Amino acid sequence: MTAHRARRSGAEKVVRVAAGQGFWGDWLEAPVHQVQDGPIDYLMMDYLAEVTMSIMQKQKSRDARMGYARDFPPLMERILPDIVARGIRVTSNAGGVNPRGCADAVLEAARRLGLAGKVTVGLVSGDDILDRLDDLLARGHELRDMDTGRPLADIRDKVLSANAYIGMAPIVEALAGGANVVVTGRVTDTGLTLGPLVHEFGWDADDWDRIAAGTIAGHIIECGAQASGGNLLRDWRSVKGLANPGFPIVEAKADGSFIVTKHPGTGGVVSVPSVTEQLVYEMGDPHAYITPDGIADFTSIQLAPAGTNRVRVDGIRGGPRTPLLKVSIAYFYGYKAIGTLVYSWPEAFDKARAADRILRERLEALGLEFDQILTEYVGANATHGRLAGAPDPEAPEVQLRVGVRSRDKAAVERFTREIAPLVLTGPPSVTGFAGGRPAVEEIVAYWPALIDRREIEPHVRVELLTA
Amino acid sequence: MAQSSRPATMPIQLRYLAHARSGDKGDTANVGLIALDPEWYPLLVREVTRARVARHFRGMVSGVERFELPNLSALNFLLHGALDGGGTMSLKTDAQGKVYSTALLRMEIPVPVRLARRLRPSR
């Protein structure tokens with residue numbers, strides 16, 4: 001028994017779940033600090049955003065060994081010795097569209113570290129329904145786009161990836177089976193936190209208030225430091241130490257109440273405002289935050305200060321899960337490119353606007369077909385549109401930013417060759433073209449759908465693999 | 001009706017009354033608007049109406065929904081059609097609506113003169 005575990009035995013049991021990554025590309029030092037700077041029981045690392053699965057699918061199609069968050073195995077190699085020594089367990093959806101490849105890489109890392117026999121990876125699969133799509137469609141599942149209502153058949157031949165969001169159940173099973181690292185595909189962000197709490201406290205799967213509490217705990221920490229001072233608008237100048245931000249940690253109790261905090265000595269802040277900003281992030285109808293595990297009511301959440309960098313969360317109410325699971329489908333749409341040039345004072349905005357007009361005339365004269373041409377003036381109104389008011393004629397510089405989207409790759413490629421010529425054939429005082437021609441990007445679009453959970457859950461598998 | 005007894009008001013930007021964070025779901029941006037002082041939450045509920053927010057963002061969004069979270073002294077707005085297709089389709093700098101929150105903070109609402117002077121002494 002390590003010291004921090006022994007501390008539990010006297011009073012009420014507390015389980016500490018720490019956030020290590022809030023997205024694929026987050027600060028690589030965070031999980032190391034979470035493991036080394038203080039006591040935690042679980043480290044949860046969320047890697048998957050809506051578009052991430054399709055990026056991973058693309059990588060897997062080029063190399064069958066890829067398709068997962070490649071940051072994850074090297075990170076695990078750094079922290080596995082501490083995790084094993086301290087009895088910390090990891091939950092992560094780093095597996096993406098190739099959880100087996102990811103699990104194998106972690107096991108290899110464990111062997112390299114001489115931890116053979118001490119690391120068991122719980123491999124969760126069954127969320128990936130790409131190979132089952134035609135069967136599902138043939139049996140009458142239309143997988144209509146939740147936003148547009150169009151049936152999937154319209155774009156079936158362009159589908160790149162298809163994954164159902166699955167909940168905490170397989171994580172609980174893997175932990176009960178002794179896994180110290182659980183690697184999943186498209187398990188919900190919140191399930192990575194809820195799973196450990198259900199495992200530790202033995203909550204029933206239909207104890208809706210506690211399921212909601214664990215879900216909201218997960219929501220608060222799933223974006224990493226965004227709950228602990230990062231991207232915090234309120235009094236942003238007063239947030240100190242962001243060179244070493246303390247990522248958030250949940251200290252949960254069996255009744256579903258919990259404290260949000262961070263390790264002592266780290267930067268950032270955990271406060272009622274910092275937690276509130278994260279709670280409203282990506283919020284829909286606050287009465288019904290729907291997950292595969294249940295429905296959480298955000299209007300029931302009570303927050304209270306509980307000491308320095310400590311916020312108490314309780315009162316959370318929930319409701320029964322729905323018979324449907326969300327499916328995240330990615331499909332190939334077409335191409336896009338974005339070109340930029342910088343115009344300087346005086347009259348920077350007017351010069352940039354004149355350049356845009358010339359560019360558009362040339363594109364039209366070439367007869368190129370675009371779904372859309374979008375012009376923004378960075379430094380004048382790119383993010384606030386007309387709300388930004390009239391552009392300042394004294395602005396030191398304005399960046400012209402023109403984007404195009406088309407199904408026709410040749411049109412987009414031609415567009416990328418029309419930016420540089422403006423330097424010598426357009427308005428004066430222009431710079432910022434050192435980067436060369438803009439890249440033509442493939443657009444992988446997102447298609448959210450719903451499916452009967454009975455089509456998915458029988459296929460979910462948990463395997464325990466020991467290094 | 002004692003309508004005339006209402007105190008005189010002056011307009012003030014929401015930035016002095018609230019903080020905010022925004023995110024996305026497809027082509028919809030959400031803005032969570034949080035009162036800087038819980039005492040001002042009723043003022044936000046009364047003045048930052050769905051219709052006024054729709055007018056504020058006219059031409060930029062196709063529809064607005066509003067939800068109340070008195071427990072967090074917060075309002076949540078869903079701004080539909082705000083992201084030019086959203087996700088990877090959008091050509092916008094702010095394709096994921098990360099700073100739509102600050103665009104809402106530009107909105108002015110009428111507040112009692114006394115409060116406005118306290119928040120913005122220069123005026």
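Helices (H or I, at least four residues) and strands (E, at least two) are DSSP runs, numbered from the N terminus. The model is predicted: local features need pLDDT of at least 70, side-chain atom pairs count only at pLDDT 80 or more, and totals for chains, interfaces and linings use all residues. Residues are numbered from 1 along each chain as its sequence is written, while chains are lettered from A and ligands numbered from 1 in the order in which they are written.

**Exercise 1. Backbone exceptions**

Determine in which loop of chain A the residue A:P346 is found, and which residue a cis peptide bond joins to A:P346.

Solution. Step one places the residue: A:P346 is in the loop between strand 14 (324-344) and helix 11 (348-365) of chain A. Step two concerns the bond: A:W345 and A:P346 are joined by a cis peptide bond, with omega about 0°. Although A:E282 is not a glycine, its phi is positive, about 60°. For context, most residues other than glycine have a negative phi, and most peptide bonds are trans.

**Exercise 2. Overall form of chain A**

Solution. Along the principal axes, the C-alpha trace of chain A spans about 75 × 55 × 45 Å. Next come the domains, whose bounds come from an automatic or database domain assignment. In chain A these are domain 1 (3-127 + 165-322) and domain 2 (330-447), with C-alpha centres 40 Å apart.

**Exercise 3. A helix pair in chain A**

Classify the packing of helix 8 and helix 9 of chain A by angle and by handedness.

Solution. Axes are lines fitted to C-alpha atoms, for helices over the stretch in contact, and angles run from 0 to 180 degrees between N-to-C directions. The axes of helix 8 (residues 191-201) and helix 9 (residues 208-221) of chain A come within 7 Å and cross at roughly 135°. Angles under 35 degrees count as roughly parallel, over 145 as roughly antiparallel, 65 to 115 as roughly perpendicular and the rest as oblique; helix 8 and helix 9 of chain A are therefore oblique to each other. Their crossing is right-handed (the near helix is turned clockwise from the far one by less than a right angle). Residues are in contact if their C-beta atoms, placed from the backbone, lie within 7 Å. Those making this contact include A:L192 and A:L197 of helix 8 and A:I211 and A:I221 of helix 9 of chain A.

**Exercise 4. The interface of chain B with chain A**

Identify which strand of chain B gives the most residues to the side that touches chain A.

Solution. First, 31 residues of chain B are in contact with 43 residues of chain A. Next, the elements of chain B giving two or more residues to that side are strand 2 (18-25), strand 3 (28-35), strand 4 (63-69) and strand 5 (74-80). Strand 2 of chain B gives the most, with six residues. Chain B itself has four helices and six strands.

Note on methods:
Contact = placed C-beta atoms within 7 Å.
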